[in-house]
Amino acid sequence: MRVLVAMSGGVDSAVAAARMVAAGHDVTGVHLALSKNPQSFRSGARGCCSLEDSHDARRVADRLQIPFYVWDLSDRFKSDVVDDFVAEYAAGRTPNPCLRCNEKIKFAAVLERGIALGFDKVVTGHYARLEEGPDGVSLHRAADAAKDQSYVLGVLDQRQLSRSLFPLCDVPKSQVRAEARELGLGVAKKPDSHDICFIPDGDTAGYLSRALGEREGVLVDESGAELGRHSGFHQFTIGQRRGLRLGVPAADGQPRFVLDIEPVTNTVTVGPKEHLAVDGIRGIRPTWTQSFVPGPWRGMAQVRAHGDPMPATITATADEMVVELDRSATGIAPGQAVVVYDGDRVVGSATIDGTSRSPRLAQEG
């Protein structure tokens, strides 16, 4: 089989490539240049997609004796990931750029080009499992629950999954590093990447202020009383506690959290933690890993990459997914993804557009 391995420069994609070579496949490595100025991407212990990563990927390819190329996808990355990230925050939502990169870049742009060049499959170092069945290819959680990445792959459809391979589906991270050491790969001890690759200093609020500008607004409590001022609603996200700089302490002395963000009026509402609790999620633009599942059906819902799955009842139409949680959850923000599971199988996902509190929960709160 002729496979194209997306090599980020990290240990996971390096071992994924090595496993493909060991299995006897015709392997080619490709590194994605996602910035016109790769020095603007994070490097070192918290890096991803930097110039340093490109060099690391090339050294691994040389060690494995496979062809290696660098593809410039910077324009598409900017429009599909960076510009989308800024636009979502401008609308008062909290996006997940890594999920969008998987959807639009790694399993769309790369897959399209790879197929056009005659490759059978695209291989990545993601921790997730694929199974062939009568209904096609199904996506499942990885064997290593601590590293499972099925959540960020939940946006993929059947066409994309049928052309993908995840060789690390059955191994823990410790074994991946051990395999890299045995193969003499220089990335064996390289730390995992974190945070957002295109924000070099990790200051998301500062990045958004430069992109969107500063505009003074107010922080208010649930009655509308002003508690402080801020320089832009995009500096906040639902559930945030730190950095609120409130001028008026709470009457009960308890900390306050961001409950709501209103972009039009540039108003941020804060309140007690218990008022963050919701048990209803409305998602838009649902996607399905195999086929449309209208429901209602019982499953599990996850709203963060490493969040706990929550028992729920899921009902969907072509345009909407409604998730009713058995128990309340906090810190769920519009713009995030809700990914729904049947056991360990990913069924689909949707972009969170809003949340709600049932009458029972409202009474308790």
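**Entry 1: R345 and D342**

I began with R345, which is partly exposed, at a relative accessible area of 22%. This value, like the others in these entries, comes from a predicted model. I then looked up the partner of the R345 side chain and found D342, the two meeting in a salt bridge with 3.5 Å from N to O. D342 is itself partly exposed, its relative accessible area being 39%.

I next asked how many salt bridges the structure contains. The count comes to 24.

From these I selected K173, which has a salt bridge to D12 with 3.3 Å between the closest N and O atoms. I noted that this pair links distant parts of the chain, as K173 belongs to helix α6 (residues 173–182) and D12 to helix α1 (residues 11–22), 161 residues apart. Are K173 and D12 buried or exposed? I found both K173 and D12 to be buried.

K173 also forms a salt bridge with D192, and here the closest N and O atoms are 2.5 Å apart. This pair, too, links distant parts of the chain: D192 sits in the loop between α6 and α7 (204–212), K173 in helix α6, and 19 residues separate them. I looked up the accessibility of each partner. K173 counts as buried because its relative accessibility is 10%, where buried means under 20%. D192, with a relative accessible area of 24%, is partly exposed.

**Entry 2: cysteines**

I searched for disulfides and recorded 0 in the structure. In general terms, such a bond is covalent and joins the sulfur atoms of two cysteines.

C98 is partly exposed, with 43% relative accessibility, whereas C197 is buried, with a relative accessible area of 12%.

**Entry 3: backbone angles**

I turned to the backbone and looked up residues other than glycine with a positive phi. Q65 is one of them, with a phi of about 60°. I located Q65 in the loop between α2 (51–64) and β3 (68–72). The residue is exposed: the relative accessible area of Q65 is 73%.

R245 also has a positive phi, near 50°, without being a glycine. Where does R245 lie? I found R245 in the loop between β9 (226–230) and β10 (257–262). R245 counts as exposed because its relative accessibility is 57%, and exposed means over 50%.

**Entry 4: a cis peptide bond**

Finally, I asked which residues are joined by a cis peptide bond. They are G295 and P296, and omega is about 5°. I placed P296 in the loop between β12 (278–288) and β13 (297–302).

Conventions
Residues are numbered from 1 along each chain as its sequence is written. This is a predicted model: local features need pLDDT of at least 70, side-chain atom pairs count only at pLDDT 80 or more; totals for chains, interfaces and linings use all residues. Side-chain values use heavy atoms; hydrogens and water are left out. Helices (H or I, at least four residues) and strands (E, at least two) are DSSP runs, numbered from the N terminus. Buried means under 20% relative accessible area, exposed over 50%, partly exposed in between (1.4 Å probe, protein chains only). A salt bridge is a side-chain nitrogen of Lys or Arg within 4 Å of a carboxyl oxygen of Asp or Glu. A disulfide is a pair of cysteine sulfur atoms within 2.5 Å.
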